[in-house]
Amino acid sequence: HGAWGILLVALITGAAVGLSSAANLLPLLWLTLAAIAAFCLRTPIENSMPKSPFRPRTQAEWRWVQTAASAYVLISSFAGAMLWLDGALRLVWIPALTAFALFALQAVIKRFGRAWRMPAEILAAFGMTLAAAAGCVVAAGKTGDMAIGVWLLNGLFATNQILYVQFRISETRDARNSSSLQRKRIFLLGEAITALAIIAGAHIGLLPALALIAFVPLFVRGGIWSFRTTQTPLRIHRLGKTELAHAILFGLLLVAASRIPWDQVLR
């Protein structure tokens, strides 16, 4: 559910930030269909790999995998053809190729062992959040720096979530104070780097001036956890729900920071 949240929140926020005309809603529909089908295609492909623990064992299982893969390819191909007919395919080929490159790099890094699991997840997150750039350019009907900015913001948000969830899980497995303190220091450093990167991006005009507001709930959550002296029980299902709530709130704040002319509102 975490990967689905990253993909869909990125796509929706990118589209909401870039939307300039109702005429672009139909291409957005085809883009959404293509992105979901391509995302679903990863499962049968990964399950077919020789070292996959979910590799099909019987002919019936192989038929299911082949049928699912064929269906997803057909759906994504149809949606891609409709994007081409609408003239929007020329806008999304760069984000699509970049996402493919990031996922290919992730597959290579995962072969280095469990120590590289988190960097591989972060690469995949930046690959999925390219849906924000694609949604932005299709909704706007043109390319621009705004698409890069909304992609980077969604990528930074997803990275924050990945670090928080993984560190919380690690905390329950290893309750030693030294290890927990080190994780919290790394997390706080990551939040500081994120804040500085957003401020720098806003300064050069790549990001909305108020983009940092969308990260305030994350920073507050991370700060509370980092400075807490006692370990709290981890309820994994509750954690998933709270992270989804943070994702929705992030999307709403990002759209508000990008679309509302605050300079005129505050006059």
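Mentor: The model discussed here is predicted.

Trainee: Is Leu210 buried or partly exposed?

Mentor: Buried means under 20% relative accessible area and exposed means over 50%, with partly exposed in between. Because the relative accessible area of Leu210 is 30%, this residue is partly exposed.

Trainee: Is Thr194 buried or exposed?

Mentor: Thr194 lies in helix H8. The cut-off for a buried residue is under 20% relative accessible area. Since Thr194 has a value of 9%, Thr194 is buried.

Trainee: Which residues does Thr194 touch, not counting residues up to four places away in sequence?

Mentor: Residues up to four places away in sequence are set aside in this list of contacts. What remains for Thr194 is Leu156, Phe215 and Phe219.

Trainee: What is the relative accessible area of Ala192?

Mentor: Ala192 also has its place in helix H8, which covers residues 177-203. Ala192 is partly exposed because its relative accessible area is 37%.

Trainee: How far apart in space are Ala192 and Leu105, C-alpha to C-alpha?

Mentor: In sequence, Ala192 and Leu105 are 87 residues apart. In space, C-alpha to C-alpha, the distance between Ala192 and Leu105 is 27 Å.

Trainee: Which helix supplies the largest share of the lining of the second largest pocket?

Mentor: About 330 Å³ of space lies in this pocket. It is lined by 15 residues, and the closest to its centre are Tyr164, Arg168, Arg238, Leu239 and Thr242. Helix H7 (145-173), H9 and helix H10 (236-259) each supply at least two residues of the lining. The largest share, 5 residues, comes from H10.

Trainee: Why is helix H6 (residues 130-140) largely enclosed by the rest of the structure?

Mentor: The buried residues of H6 include Leu130, Gly135, Cys136 and Val138. H6 is largely enclosed because its buried residues number 11 of the 11.

Trainee: Which residue with a positive phi follows H6?

Mentor: The phi of this residue is near 80 degrees. The residue that follows H6 is Gly141.

Technical notes
Residues numbered from 1 in each chain as written. Predicted model: local features only at pLDDT ≥ 70, side-chain atom pairs only at ≥ 80, totals over all residues. Heavy atoms only, no water. Helix = DSSP H or I, 4+ residues; strand = E, 2+ residues; numbered from the N terminus. Buried < 20%, exposed > 50% of the residue type's maximum accessible area, 1.4 Å probe, protein only. Contact = heavy atoms within 4.5 Å. 1 Å grid on protein atoms, 1.4 Å probe; cavity = no way out; pocket = protein on both sides within 12 Å on 5 of 7 lines; lining within 4 Å. Points joined across faces, edges and corners; volume = space filled by probe spheres on them.
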